[in-house]
Amino acid sequence: MVAVPDDGLPEQGRRESAGRPLKEERPVSVGRTSVLLVPVAIAARGAAFLVPVVIANWYGVGLVTDAWFWALALPTFALVLGGSALATTAAPALARVRAATPERQPAVVGGLLTHAALWTTLGATLLCAAVAPRIEQLTDFPPDGAALARTYLWALLPFVVTTAVGSVLRALLEVHGRFRAIALTPLLRAGTVISVTWALLAPLGSVALPVGLLAGEVAQLLLWGALVRGCLGRLPRPGLELAPEVRSVFRDLAPVLGGELLVAMNLVVDKAFAGMLPEGAVATLEYADRARVIPQTLMESSLLMVAYATWSNQFAHGQVAAARAGVAQSLRWVLALSAPVLAGMYIGRTVLVALLYERGAFGAADTAATASVLGWYLPGVLPTLLGTVVVRAHIVERNLSLVLGLGLVSVLLNAGLNALLVGPMGLDGLALATTLNMLVVPGVYALALARTWRPTGIAWASWLQAGGIAVLAGLIAVAVELGPGRPTSLTSPVLWAAAVPCVALLGLGFRLTRPRRGGAP
């Protein structure tokens, strides 16, 4: 079995200092560890979600939030340079280093940190320099709104670099099984962002938003640095030398980076289309998108984090069959556990948006508009979650060119659908375009993975159970929508009547996380 602690707690002295082998550890239980992380992830992500909630309370929907969220979309796009793509690519490589030459870990991690910081700084600077002078042409913002967006764009540059560096540290911590510490980190980050922003609102005004965001990222970086020192026995050694392990990561990064950059372009394209709509459109799209990604952030903080680290370690130890069985099992869990939750979100989307945002400057009309956009987003979330798992499986399998090719398909399809639907449907059309895109691209990924594996045995009973739960959850959502209609109040009998079968289906889904003996994929 793969040596990964399954509790996410400190290893109690089990360190990999130079030249000293890793002591025996308990094998990871992906299902058990993921389930235990769910309440931690809910609390931590709930705290993280307070950031846009507080911003909505302070600024509502208007010029400041339009400029902020529009500018934030570009650094979020650039974060793929050193964030998601780098962490995803680094994890399998760091697992191989840990398995074969653990004494090399400080040098390898130090090299990755140095080059991530340098290349992300260069890329983000070029992006800001190209976009900042053209904000007036790219949006319909008034002059003061364009100037504010330009200020935000440059002020977010240090945030991009800090996040890139943190992604390397996170990848190492995941490989070492520090799952609980990673899942709890958003509590620290959100608390720092809100407190620093609030303290600086009076002296800096709306410019406090990027300063507070950077402060939260720095606090997270300091915590992860201390945890990395605990794992390695010392801090990583920064350096410009391109060791073979570092070259391997950046060689694999190219197609993954290209694919994820193209997928991330969808966010920029959506904001560009929204920027041509009336004032408040960009902020409304952002608030709906923040609610839409709640299930994905929970999955990434629990199941996907544990499962991907486990697959990487299994491949590093030559346990390919076990890793593939784990991927199939994870897909069934996502199908069975996410569908009831998403059905509940769809039924209660107006109530959800009101609970999250409706206070201060955010009024009832803003709630209705945001809930409408969210309703068009939600049908695409389940295939998005399944596709996220499948993409990670392709990366572990090193099917990297596919990630690049389907990234191009994704951005072209999304742009075309946006152009087709934004005219007749407005913001709802942009959300529908995203949903249609997410129905197509993950399906192609899944078909390609099945061809790669060519499995000889499939756990049909488990797949039918998971699929049945998903179908029933969808039927419940459709029945409420076509029957009594969506509830608009937390006290609505329709809301609570619909919650009963959704919770029952979720309970059936949790039964699938019980360990199985023997397991076909």
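A residue is called buried when its relative accessible area is under 20%, exposed when that area is over 50%, and partly exposed in between (1.4 Å probe, protein chains only). With that in hand, welcome to this structure. This is a predicted model, in which local features need pLDDT of at least 70, side-chain atom pairs count only at pLDDT 80 or more, and totals for chains, interfaces and linings use all residues. Residues are numbered from 1 along each chain as its sequence is written, and side-chain values use heavy atoms, with hydrogens and water left out.

**The chain as a whole**
- The chain has 21 helices and zero strands; helices (H or I, at least four residues) and strands (E, at least two) are DSSP runs, numbered from the N terminus.
- The chain holds 521 residues, and 55% of them count as buried.
- Its accessible surface comes to about 20800 Å², with 68% belonging to carbon and sulfur atoms (areas from the Shrake-Rupley method with a 1.4 Å probe; for residues, only the protein chains shown count as cover).
- A contact means heavy atoms within 4.5 Å; among contacts between residues at least 6 apart in sequence, 84% join residues at least 24 apart.

**Helix H21 and what follows**
- Helix H21 (residues 493-511) has 19 residues and should span 27 Å at 1.5 Å a residue, which agrees with the 28 Å between its end C-alpha atoms (the expected span is 1.5 Å times one less than the number of residues).
- Leu-495, Ala-498, Cys-502, Leu-505 and Gly-509 are the buried residues of H21, and their cover includes helix H14 (320-347), helix H15 (349-357) and helix H20 (460-482).
- In the segment after H21 lies Leu-512, which counts as buried because its relative accessible area is 12%.
- Leaving aside neighbours within four places in sequence, Leu-512 is in contact with Trp-333, Ala-336, Ser-462, Gln-465 and Ala-466.
- The C-alpha atoms of Leu-512 and Gln-329 are 9.0 Å apart, although 183 residues separate the two along the chain.

**Helix H6**
- Gly-145, Ala-146, Leu-148, Ala-149, Tyr-152 and Leu-153 are buried in H6.
- These residues lie on the same side of H6 because they cover an arc of only 160 degrees around the axis, taken from the directions from the helix axis to the C-beta atoms.

**Leu-118 in helix H4**
- Leu-118 is found in helix H4 (residues 105-131) and counts as partly exposed, because its relative accessibility is 47%.
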